[in-house]
Amino acid sequence: MIVTLPRTAALTANQRPHWRKKAALTRDLRTRGRLAWNTSGLAAMDRAHLVVTVAWHDARRRDANNWQPTAKAIVDGCVDAGALPDDDNAHLIGPDLRGETDPAVKPGTIRLTFDWRPL
């Protein structure tokens, strides 16, 4: 499952937005997650391990774990859509974040690839 979004639509651990702006971004990411799951064709799972690969267009130094808030909101949307009964420890291992450089990613955007592995 792939979600591509503008950098301005993402949340990072380094940001300190106003609570209202953060809530709006989280709501949008959750909706994107729900829509991505519904169009992915993946079957619902009882338990899963999730690896999320974050891709950027250039090779600057980045910390993939800073994108955890974005991944979390998208995963919550997938759970809303029925991917898992819940995203607690009993049902989901991860998400484990990875980072990569891909020149195909447009500048100003990020691509998150969600690799759901049923257990």
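# A predicted fold, one residue at a time

Biologist: Leaving out residues up to four places away in sequence, which residues does Arg111 touch?
Modeller: This is a predicted model, and Arg111 belongs to its strand S4. With sequence neighbours up to four places away set aside, the residues that Arg111 touches are Ile2, Val3, Thr4, Thr53, Val54, Ala55, Glu100, Asp102 and Val105.

Biologist: Is Arg111 buried or exposed?
Modeller: The cut-off for burial is a relative accessible area under 20%. Arg111 has 15%. Because that value falls under the cut-off, Arg111 counts as buried.

Biologist: With which side chain does the side chain of Arg111 make a polar contact?
Modeller: Glu100 is among the residues that Arg111 touches. A polar contact needs N or O atoms within 3.5 Å. At 3.1 Å, the side-chain partner of Arg111 is Glu100.

Biologist: Let's step back to the whole chain. What pattern does the protein follow along the sequence?
Modeller: The protein has two helices and four strands. Taken in sequence order, these elements give β-α-β-α-β-β.

Biologist: What is the radius of gyration of the protein, and how does it sit against the globule rule?
Modeller: The C-alpha atoms fill a box of roughly 35 × 30 × 25 Å along the principal axes. For 119 residues the globule rule gives 14 Å, and the protein comes close to it, so it is as compact as a globular protein of that length. The radius of gyration is 14 Å.

Biologist: Which members of the largest nonpolar core touch the most other members?
Modeller: This core holds 32 residues. Strand S1 (2–6), helix H1 (19–40), strand S2 (48–56), helix H2 (68–80), strand S3 (92–101) and strand S4 (109–118) each give two or more of them. The members that touch the most others are Met1, Leu5, Phe114 and Trp116.

Biologist: And which element gives the most to this core?
Modeller: The buried residues of this element include Ala71, Ala73, Ile74, Val75, Cys78 and Val79. They are covered by elements that include S1, H1, S2, S3 and S4. With six residues in the core, the element that gives the most is H2.

Biologist: Which residues does Trp116 touch, not counting residues up to four places away in sequence?
Modeller: Trp116 is one of the core members that touch the most others. Apart from residues up to four places away in sequence, Trp116 touches Met1, Trp37, Leu42, Met45, Ala48, His49, Leu50, Val75, Cys78, Leu84 and Leu92.

Biologist: Why can the buried residues of H1 be placed on the same side of the helix?
Modeller: The buried residues in H1 are Leu25, Leu29, Gly33, Ala36 and Trp37. They sit on the same side of H1 because the arc they cover around the axis is only 110°.

Biologist: Which exposed residues does the other face of H1 carry, turned away from its buried side?
Modeller: The buried residues of H1 pack against S1, H2 and S4. On the face turned away from that buried side, the exposed residues are Arg20, Arg27, Leu35, Asn38 and Thr39.

Biologist: How far apart are the C-alpha atoms of Ser40 and Met1?
Modeller: Ser40 is in helix H1 and is partly exposed, at 27% relative accessibility. Its side chain reaches the backbone oxygen of Trp37 at 2.8 Å, and a polar atom of that side chain lies 3.2 Å from the backbone nitrogen of Leu42. Ser40 and Met1 are 39 residues apart along the chain, and their C-alpha atoms are separated by 5.9 Å.

Biologist: Last one: with which residues is Asp76 in contact, leaving aside neighbours within four places in sequence?
Modeller: Asp76 is located in helix H2. With 14% relative accessibility, Asp76 counts as buried. Beyond its neighbours within four places in sequence, the contacts of Asp76 are Arg30 and Asp87.

Conventions:
Residues numbered from 1 in each chain as written. Predicted model: local features only at pLDDT ≥ 70, side-chain atom pairs only at ≥ 80, totals over all residues. Heavy atoms only, no water. Core = buried A, V, L, I, M, F, W, Y, C linked by side-chain atoms within 4.5 Å. Buried < 20%, exposed > 50% of the residue type's maximum accessible area, 1.4 Å probe, protein only. Contact = heavy atoms within 4.5 Å. Arc of directions from axis to C-beta. Polar contact = N/O pair within 3.5 Å; in protein donor to acceptor, adjacent residues only side chain to side chain. Rg over C-alpha atoms; globule rule 2.2 N^0.38 Å.
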